[in-house]
Amino acid sequence: MGPSHKTGVITAIVGFLVIFAGKPIAWGDGFPAPDRGCISRECHAGIEPIRAHESEMATKIYDRGNLMGDPNGCVVCHGGNPEESKDKEIAHSGAPKGGVLEIYVPFPGSMWINDKTCGQCHPKKVYSMHRSVMQTEVGKIQGGLWGWGASTGYDHIYGNYDIADTDGSKPIYGTKAYSKYIQKLMKKFPNIFPKKLKKLPQADLSTIEEKPEQAILTYLRSDCQRCHVGVRGRKKRGDMRGMGCAACHILYSNEGFYEGDDAAIPKDKPGHLLVHSIQATREAKVTVNNKTFSGIRYETCVTCHNRGKRIGVSFQGLMEFPYGTPFSDTGSKQPKLHTKQYLYIEDDHHHSADNRKGNPEGGLLCQDCHTTNGMHGNGNISTTTLANVEIECSDCHGTPERFPWELPLGFGDEFGEKLKVDKPRGVVTAPLPVQKEFGTVYPAKDGYLLTTRGNPFGNVVREGEKVKLHSASGLNYEIPTLKSISGAESWQNPKYARTAMVKVKKHLGTMECYSCHSAWAPQCYGCHVKVDYSDGKKSTDWVKSGSTSFPDGRTADSNWDDTTPKQPGKATESRSYLRWEYPVLGVNGEGRVTPIIPGCQQITTVIGPDGKTLVNNKIWRTPPGLEGGGEEGQRGIDMTPAQPHTARRQARTCVTCHGSSKALGYGIYNGRFMKRSSENIYVDAATVKGELVTNRTQIQVAAIPDLPMDLDQVVTREGKQLQTVGHHWPESRPLNKEQRDNMERVGVCIGCHENFPEKTAALAKLSKMDKTEGEVPITDTTHQDLVKSLLRAHPFGTFNPHQREEKQSGQAPLRKQD
């Protein structure tokens, strides 16, 4: 269990003011004592400072180090013997006088030692990180179990380690409004905010034949849990990183080579940090190869965010594909990244920030939008990203009718609640105290904008009716607000934008912005998982590795060698097919329409220790009554609500939702394809009736017994749900019948009406009907009556909805030839 922030303040650390030889220490441009201890010529000469020498963080470290006999401060975080400068074994043993560490620590950021390293200054951060989703991965575990019978239902019971929230429900960080908001959510959804978690158990091989669903435990421990910050992860291209705090705050390149000036760190072997400097805020400058930057690089986040919803690689414009083409100039396939090969589709607008059109500097960093509470956690145990993330698009962009500060708290984050729209959230004049203490404080101007949950964005400010964002990269941006755009009529595509956001107000009240503005979404249909226990097969156990921690903070996997613990059984994965085009739509936990993508559509095969197939291509079902499954339960394959992180200004057009059976949840061409998935498919010599004429044939495509539909179909036209949509929040579901019918009815209209010019006879008739009847036609019957009325008034050959358009342009619109 992680240390408590209430008792984690280390009393052995004294104050920051240090008097050396009767005078305050005045640090120069370099280390205070460049020829002493760790950075002497015989050891780490040339190493980069962890922060710039003149920074507040560095001076505090040097002050503390001086008390311990190390003016350069290395022993404050690493421990060891500061008096030794020649013998590595002696230097890396023992402990400095007056320090907290009693041993040399190679990975100070490790979760298993950071209460004595990073926690010297950041005890609350250490407490919250131990309970954050980046450490517990509880949502991922519950999702895995869901697909193998949902043994825990909607409850979140297991994490990577035993942990409890010992300080109560009040968040460590945040305003009173934020604290009130979170505690209300916790009360409403206690299964999403548990008070404690139990360590994920192991599969019991003695009962695996009777309970083959236990194989999910092996699969989770070997393939899914390597990304939590309690371990160092795997030594693969794109996956190398630090541990604990260093997982985010120390940069590793995708290749994993050290490119700094410390002669003691080999430059020809992968598996090292890029440079020995912290990446964090705008002030934390990192210099490598004569290039200086600030802020946390995308690649650090993508080290983990390349699986599941794949938001990291999607943000960069990458979608995994199995081909590895085009070939390189040597004729080889592209190198694997995160053990995959990719196709470039299109990056998120916030990633490129239109850098091909007037902004060559680049786009936003992940941390520019995602807050400290969203990253480190708030001290409570939260189980999903939706529980942790406190931001909405409207927090910065507002709506066509309201600036961000005119919106109420909770807008876009309703979770079924009705908001009082006449209660504007306003702005505040001060950032959170934690930002004042450790972050960059930007001028407030007319006030800091608030997140939908009530915390100030410390980097987004109001200036009159403008919104300015200060990026950790050092760049500053003016954020376009919808109210300003609407007032100036400066829409990029006026017809669609005005219709979608101004005329049809229901869109912004019931939909996520990214339902329309996501250019694409990664869709990995069918997660085929095989867990094989035969012939003594074994695999890495990441949970056990993190649990096998040593006094110096290392875990069993830290050295990236053969000591990483193994478990019985080996899991392998594959899929049915990949898509990136417009995704299906559903409803997320907040109750808003959103893209839904394959979360984990697990189709499972288990091979027992004796080589016997225990289950083959099995789709497990939930307990009875869940997710519209009735007495037999619902298929545990899941389409999960997602924010794809592929936003573009040019939104998807009306017809891609209203005229798409896939978007509505009915599947491509109303679920016409892949209906024989539940049968074995043979391809060999046969009669015209399909009877095989050879006795020596093989099954070409094996049956998936409980899959009578395409994997992108979530509901039938009769309203029967076919798979789950989310498995955390009660509001998540497919579009209901009313939503589907309304959307499809509009889709029928779009074919004729989206191009009707204004002031035509047809629209005049509609307007008249609206005034006399109080409504436009909303049923097939009223629509048919209106069409008949129009045809009687304008017989064939006389009614031309494009007539006004022709007169204005002098040219008839293109039409299909007779």
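Let's start with a pair of residues: Ile163 has Leu197, in strand 5, as its bridge partner. Before going on, a word on the source: this is a predicted model, in which local features need pLDDT of at least 70, side-chain atom pairs count only at pLDDT 80 or more, and totals for chains, interfaces and linings use all residues. Residues are numbered from 1 along each chain as its sequence is written, and side-chain values use heavy atoms, with hydrogens and water left out.

Two strands pair if DSSP finds at least two bridges between them. Strand 5 (residues 196-199) also pairs with strand 3 (residues 158-159), this time in the parallel sense and again over 2 bridges. Within strand 5, Lys199 is the bridge partner of Gly159.

Strand 26 is joined to strand 18 (residues 584-587) in the antiparallel sense over 2 bridges, and Val587 stands opposite Arg733 of strand 26. As a general point, side chains in a regular strand alternate between the two faces of the sheet.

Now to helix 24, where Lys662 sits. Is Lys662 buried or exposed? Lys662 is buried, meaning under 20% relative accessible area, while exposed means over 50% and partly exposed lies in between (1.4 Å probe, protein chains only). Lys662 has no salt bridge, and Asp712, the nearest side chain of opposite charge, is 4.9 Å away. A salt bridge needs a side-chain nitrogen of Lys or Arg within 4 Å of a carboxyl oxygen of Asp or Glu; Lys and Arg count as positive, Asp and Glu as negative, and His and the chain ends are not counted.

The loop between helix 24 (661-664) and strand 23 (681-682) holds Phe673. Phe673 is partly exposed, because its relative accessible area is 33%.

Finally, look at Gln643, in the loop between strand 22 (638-641) and helix 23 (655-658). Gln643 is partly exposed, as its relative accessible area is 28%. The C-alpha atoms of Gln643 and Ser515 are separated by 8.3 Å, although these residues are 128 residues apart along the chain.

Methods
Helix = DSSP H or I, 4+ residues; strand = E, 2+ residues; numbered from the N terminus.
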